[in-house]
Amino acid sequence: GSGSLLIPAPVGTLAIERFEPLIGTPAYHRLLERFARGRELLGDHVMWHVNSTARGGGVAEMLYSLLAYGRGAGIAQRWLAVAGTPAFFAVTKRIHNHLHGAFGDGLPLDDEAREVYSSFTRAAGEELANRISPGDVVLLHDPQTAGMIPALQGLGVPVAWRSHVGIDHATPVTRHAWEFLRGYVSQADAYIFSRRQHVWDQLDAAKTALIAPSIDAFSAKNQDLADDRVTAILAAAGLQGEPGTGDPVFVRLDGTVGRVERRARVVETRHLAPDDPVVLQVSRWDRLKDPLGVIDGFVRHVLGPTGAHLVVAGPSVDEVADDPEGGEVLQEAMACYSALPQLAREHVHLVTLPMTDLEENAAIVNALQRRAQVVVQKSIAEGFGLTVAEAMWKARPVVASRIGGIQDQIVDGRTGRLVDPGDLAAYGSAVSDLLADPPRAVEMGERARDQVRRGFLGTRSFLQYIALYERLVT
Ligand code: UDP
């Protein structure tokens with residue numbers, strides 16, 4: 001039928017030529033060759049992507065860029081977002097939590113959940129089956145789409161399923177969520193995980209592919225910003241005085257110019273000054289990001305030896321309706337701040353960033369990351385730390401927890417520092433040492449940028465997706 005369970009999302013067009021100066025001419029030519037091979041195999045057919053939302057969240061952000069560059073390289077791309085009912089999204093959120101080993105709403109993945117999940121995804125799968133033609137290829141993303149796989153069998157269309165979530169040490173609740181989805185997922189022609197440790201039990205090794213996440217070097221979050229622009233953006237956002245001579249502008253993905261106008265809300269005793277050394281953590285207000293540990297470790301082990309300032313920044317929680325826990329965790333961070341001695345309060349800044357315009361938000365994150373001398377990511381668990389890759393791309397030395405996917409991102413002592421998240425003193429001395437030795441910090445930052453250039457830009461993802469596609473159709 002002509003249902004409406006799948007809502008078309010706009011696919012942009014971005015020129016891949018801009019990668020040439022970033023990755024060098026030989027690598028760029030290899031990329032062009034691979035794209036040519038992809039075009040040759042795909043012909044007039046279409047690469048379809050289905051996920052849960054076209055806006056907001058890391059997956060949508062990554063898809064936007066990958067699809068736009070793919071299209072810029074001549075690969076026809078279509079993007080659909082599932083229009084789930086509240087009951088459906090309640091079940092998929094539960095699956096998501098269980099996959100992470102968390103209980104979420106406390107309800108089980110029982111027969112009732114199965115019925116809600118499978119009836120919606122079956123109908124969505126049938127709707128997609130009506131839209132595609134033999135020779136197309138389908139990439140389904142995350143648990144919200146896995147149930148569509150059975151409806152796509154026997155149509156002459158390879159189907160791959162991409163999991164963007166995963167934990168290193170599966171718990172019984174995680175395994176139960178795998179069981180819930182495995183009957184669907186096992187029917188795909190390929191399944192893709194971010195790292196080896198995330199691959200589920202009892203899947204076919206021959207169909208398994210590993211593709212790590214990547215960042216877009218040209219997005220508002222990661223594009224180059226001259227120093228005077230960093231200063232101007234921080235001033236416009238109310239995070240530092242003295243706008244200087246720069247303009248608080250950035251380039252949007254659609255090529256137009258954006259301007260930072262909204263103020264971030266700041267909890268602080270004294271304003272950040274242009275010469276203050278800055279240590280930064282950016283993350284959602286989530287206990288797994290350990291904002292209290294960041295503050296505590298900074299005050300005990302960094303402030304005294306260095307006199308630096310700590311900025312802990314996250315989204316303005318009243319604008320993120322789907323995250324009730326965020327408000328609680330921000331309250332905890334504010335209470336922790338209030339309990340600090342006066343001197344420490346002068347050096348700690350809690351920042352909530354405006355979320356109305358996600359590219360404006362991203363530009364402020366970009367400026368903060370560039371302003372920082374050292375970036376920390378003191379997470380307790382992390383599939384892949386986008387914030388880590390973002391800061392490394394800006395040639396910042398990152399001190400991060402030796403956990404999960406972060407271990408694939410940083411070579412300890414060379415491209416950053418890895419520290420046991422339970423060891424505040426080790427955390428503090430890793431940060432203090434870098435602040436005390438700027439040449440070493442700069443060197444480490446340069447190596448960090450190089451590591452991202454080689455491993456974590458979208459160009460690497462393209463090559464892997466094209467190789468997978470080649471495997472599926474030849
Ligand atoms: N982020 C942001 N604004 C914020 C907080 C976070 O844009 O106020 C971004 C951050 O830059 C990164 C993403 O949200 O791109 C978080 O991804 P990450 O993998 O670090 O952690 P997750 O939130 O997925 O657990």
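Colleague: Okay, a crossing counts as right-handed if the near helix is turned clockwise from the far one by less than a right angle, and left-handed if anticlockwise. Is the crossing of helix 9 and helix 16 left-handed or right-handed?

Modeller: Right-handed. Bear in mind that this is a predicted model.

Colleague: And at what angle do helix 9 and helix 16 pack?

Modeller: About 65 degrees, with 9 Å between their axes. Helix 9 covers residues 291–301, and helix 16 covers 424–436. Angles from 65 to 115 degrees count as roughly perpendicular, so that is how helix 9 and helix 16 sit to each other.

Colleague: Which residues make the contact?

Modeller: Helix 9 brings Gly293, Asp296, Gly297, Arg300 and His301. From helix 16 you get Leu424, Ala425, Tyr427, Gly428, Ser429 and Ser432. By class, that contact has 6 polar, 3 nonpolar and 2 charged residues.

Colleague: Switching to the ligand: how many residues surround it?

Modeller: There are 17, and the closest are Arg284, Pro315, Leu353, Leu386 and Thr387. The shell splits into 8 nonpolar, 6 polar and 3 charged residues.

Colleague: Which strand and helices each supply at least two residues of that shell?

Modeller: Strand 12 (309–315), helix 13 (358–371) and helix 14 (386–393).

Colleague: Helix 14, then. How does helix 14 cross helix 17?

Modeller: Their axes come within 7 Å and cross at roughly 115 degrees, helix 17 being residues 438–455. The crossing is left-handed. On the helix 14 side you have Ala389, Met392 and Trp393, which meet Ala448, Arg449, Gln451 and Val452 of helix 17. Sorted by class, the residues of this contact are 5 nonpolar, 1 polar and 1 charged.

Colleague: What does UniProt place at residues 49–198?

Modeller: An unreviewed UniProt entry puts the feature "domain: Trehalose synthase N-terminal" there. In the model, that span is 45% helix and 15% strand, and its end C-alpha atoms are 21 Å apart.

Colleague: What about helix 4 and helix 7, how do they pack?

Modeller: Helix 4 (residues 86–99) and helix 7 (residues 172–185) pack at about 130 degrees, with their axes 7 Å apart. Over 145 degrees would count as roughly antiparallel, so helix 4 and helix 7 come out as oblique.

Colleague: Which residues meet there?

Modeller: Ile95, His98 and Leu99 of helix 4 meet Val173, Thr174, His176, Ala177 and Phe180 of helix 7. That contact has 5 nonpolar, 3 polar and no charged residues.

Key
Residues are numbered from 1 along each chain as its sequence is written. This is a predicted model: local features need pLDDT of at least 70, side-chain atom pairs count only at pLDDT 80 or more; totals for chains, interfaces and linings use all residues. UniProt positions are given in the numbering used here, feature names are shortened, and annotations may be inferred rather than shown by experiment. Helices (H or I, at least four residues) and strands (E, at least two) are DSSP runs, numbered from the N terminus. Axes are lines fitted to C-alpha atoms, for helices over the stretch in contact, and angles run from 0 to 180 degrees between N-to-C directions. Angles under 35 degrees count as roughly parallel, over 145 as roughly antiparallel, 65 to 115 as roughly perpendicular and the rest as oblique. Two residues are in contact if their C-beta atoms, placed from the backbone, lie within 7 Å. Ala, Val, Leu, Ile, Met, Phe, Trp, Tyr, Cys and Pro count as nonpolar, Asp, Glu, Lys and Arg as charged, and the others, Gly among them, as polar. A residue is near a molecule or strand if its C-beta atom, placed from the backbone, lies within 6 Å of it.
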